[in-house]
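Please open the model in a viewer and keep the selection panel at hand.

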Amino acid sequence: MLFRSVTHEGSIVTEGDRAHGILAQSAGGRSGTATSDDGSTSYVGLGGAVSVTLRGGGIDARGMLADGIVAQSRGDAGHGDITVTIEDALVRGGQGAAAGVRLLDGRDNLVDNQAGWITTQSGIEGAAIVATGGNDQVRNAGLVTGSVDLGAGRNGFDNLAGGRL
């Protein structure tokens, strides 16, 4: 199982269709174990933990179906946890069915908006946060503009002091 971590400070602008700002993924294949020549054992088939941190600046994805941040953890033998942290930054997804933040799979997932702004080019009519089958939690101390769809699982949205929807 591998841990994938991305930390970005500054700005990202994308223009093309499906041109996501950040894509962080851990994908495991078939279940089982593999032993290397040195005798170490690794577990395949497990999606590892995925962490994305955005500090300052922001992401502006402008194309059709272009998500600001996409984070995924999946594997045939299980999914890892996903954490997306936005520290005083803008995350704006593109047009159409794009999202500001999109979580795919994962087990226990967290979007931690610390004084940031999550939205899309469509503003209030867009999808700010979209998730699929994990247990998804949002901690919001910033601004979320648009819909929030956390999909299946045990989900929650905690609007903290200073948080706005």
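This is a predicted model: local features need pLDDT of at least 70, side-chain atom pairs count only at pLDDT 80 or more; totals for chains, interfaces and linings use all residues.

**Whole chain**

The secondary structure consists of 16 strands and 0 helices. Colour next by relative accessibility: of the 165 residues, 44% count as buried. The protein exposes about 7800 Å², of which carbon and sulfur atoms supply 48%. Contacts across the sequence may also be displayed: among those between residues at least 6 apart, 66% join residues at least 24 apart.

**The nonpolar core**

Which residues have the most contacts inside the largest nonpolar core? Select Ile69, Val84, Val101, Leu103 and Ile129; these hold that position in a core of 24 residues. S5 gives the most, with 4 residues. As general background, nonpolar side chains tend to be buried together in soluble globular proteins.

Centre the view on Val84 and display its surroundings. Leaving aside neighbours within four places in sequence, Val84 is in contact with Val52, Ile69, Ala71, Val101, Leu103, Leu110, Val111 and Asp112.

**Asn113, a buried polar residue**

Move to strand S10, residues 108-114, and select Asn113 within it. Is this residue buried or exposed? Asn113 has a relative accessible area of 1% and is therefore buried. The side chain of Asn113 is joined to that of Asn140 by a polar contact of 2.8 Å. When residues up to four places away in sequence are not counted, Asn113 touches Ile86, Ile118, Arg139, Asn140, Ala141, Gly142, Leu143 and Val144.

**Salt bridges**

Select the charged side chains; the structure holds 9 salt bridges. Begin with Glu9 and Arg55, whose closest N and O atoms are 3.5 Å apart. Glu9 counts as exposed at 55% relative accessibility, whereas Arg55 is partly exposed at 33%.

Proceed to Asp105 and Arg74, whose side chains meet in a salt bridge with an N to O distance of 3.5 Å. This pair also links distant parts of the chain, with Asp105 in strand S9 and Arg74 in strand S6, 31 residues apart. Asp105 counts as buried at 17% relative accessibility, while Arg74, with a relative accessible area of 35%, is partly exposed.

Asp60 is buried, with a relative accessible area of 11%, and Arg62 is partly exposed, with a relative accessible area of 35%.

Val148 belongs to strand S15, residues 147-149. At 33% relative accessibility, Val148 counts as partly exposed.

**Two loop residues with positive phi**

Select Leu65 in the loop between S5 and S6. The phi angle of Leu65 is near 60 degrees, a positive value in a residue other than glycine. Leu65 counts as partly exposed, at 31% relative accessibility.

Then select Ala115, in the loop between S10 and strand S11 (117-120). Although Ala115 is not a glycine, its phi is positive, at about 65 degrees. With 46% relative accessibility, Ala115 counts as partly exposed.

Methods: Residues are numbered from 1 along each chain as its sequence is written. Side-chain values use heavy atoms; hydrogens and water are left out. Buried means under 20% relative accessible area, exposed over 50%, partly exposed in between (1.4 Å probe, protein chains only). A polar contact is a pair of N or O atoms within 3.5 Å; within protein, one must be able to donate a hydrogen and the other to accept it, and residues adjacent in sequence count only if both atoms are side-chain atoms. Contact means heavy atoms within 4.5 Å. Accessible areas come from the Shrake-Rupley method with a 1.4 Å probe; for residues, only the protein chains shown count as cover. A nonpolar core is a set of buried Ala, Val, Leu, Ile, Met, Phe, Trp, Tyr and Cys residues joined through side-chain atoms within 4.5 Å. A salt bridge is a side-chain nitrogen of Lys or Arg within 4 Å of a carboxyl oxygen of Asp or Glu.
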